[in-house]
Amino acid sequence: MPEITAAGFAPFEAEEGQKLVLAIEGAGIDISHRCGGNARCTTCRVKFLDGEEPAMGQLEHDCLEEDGVLGQFRLSCQIRVDRPMHVEVLMRASEQGWEPGPTPEP
């Protein structure tokens with residue numbers, strides 16, 4: 001199982017193929033996901049701190065491009081864990097004063 005390191009938190013392991021947002025949330029980090037994992041709200045944003053980023057799918061690309069933020073961060077609801085990852089969670093629900101949102105489909 002690949003190891004995920006989220007800046008400021010203890011490293012954890014994630015199932016290969018699991019959505020990154022679910023792995024982060026499963027590790028006890030209150031990452032936002034207001035649209036339920038549909039690549040619409042951009043609240044599940046993460047920044048890769050080192051290593052190669054996974055390929056970006058068309059849905060994620062189109063959402064980030066439409067919002068004018070392409071290249072600034074990635075959407076963890078659209079990333080499947082396929083390698084060790086070192087990320088920074090950019091929007092935590094507790095810091096925004098809201099609930100994370102509907103749980104994304106696996």
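**Salt bridges in a predicted model**

E95 is exposed, with a relative accessible area of 55%. Exposed means over 50% relative accessible area, buried under 20%, and partly exposed in between (1.4 Å probe, protein chains only). This is a predicted model: local features need pLDDT of at least 70, side-chain atom pairs count only at pLDDT 80 or more, and totals for chains, interfaces and linings use all residues. Residues are numbered from 1 along each chain as its sequence is written, and side-chain values use heavy atoms, with hydrogens and water left out.

**The E95 network**
- E95 pairs with R92 in a salt bridge, 3.7 Å from N to O. A salt bridge here is a side-chain nitrogen of Lys or Arg within 4 Å of a carboxyl oxygen of Asp or Glu.
- Shared partners join D30, R92 and E95 into one network of salt bridges.
- R92 is partly exposed, at 22% relative accessible area.

**Bridges to R74**
- The structure holds six salt bridges.
- One of them links the side chains of E53 and R74, at 3.1 Å from N to O.
- E53 sits in the loop between β3 (45–50) and α2 (58–66), and R74 in strand β4 (residues 74–75), so this pair ties together parts 21 residues apart in sequence. Helices (H or I, at least four residues) and strands (E, at least two) are DSSP runs, numbered from the N terminus.
- E60 also forms a salt bridge with R74, with the closest N and O atoms 2.8 Å apart.
- E60 lies in helix α2 and R74 in strand β4, so the pair ties together parts 14 residues apart in sequence.

**Burial around R74**
- R74 is buried, at 4% relative accessible area.
- E60 is buried, at 1%.
- E53 is partly exposed, at 37%.
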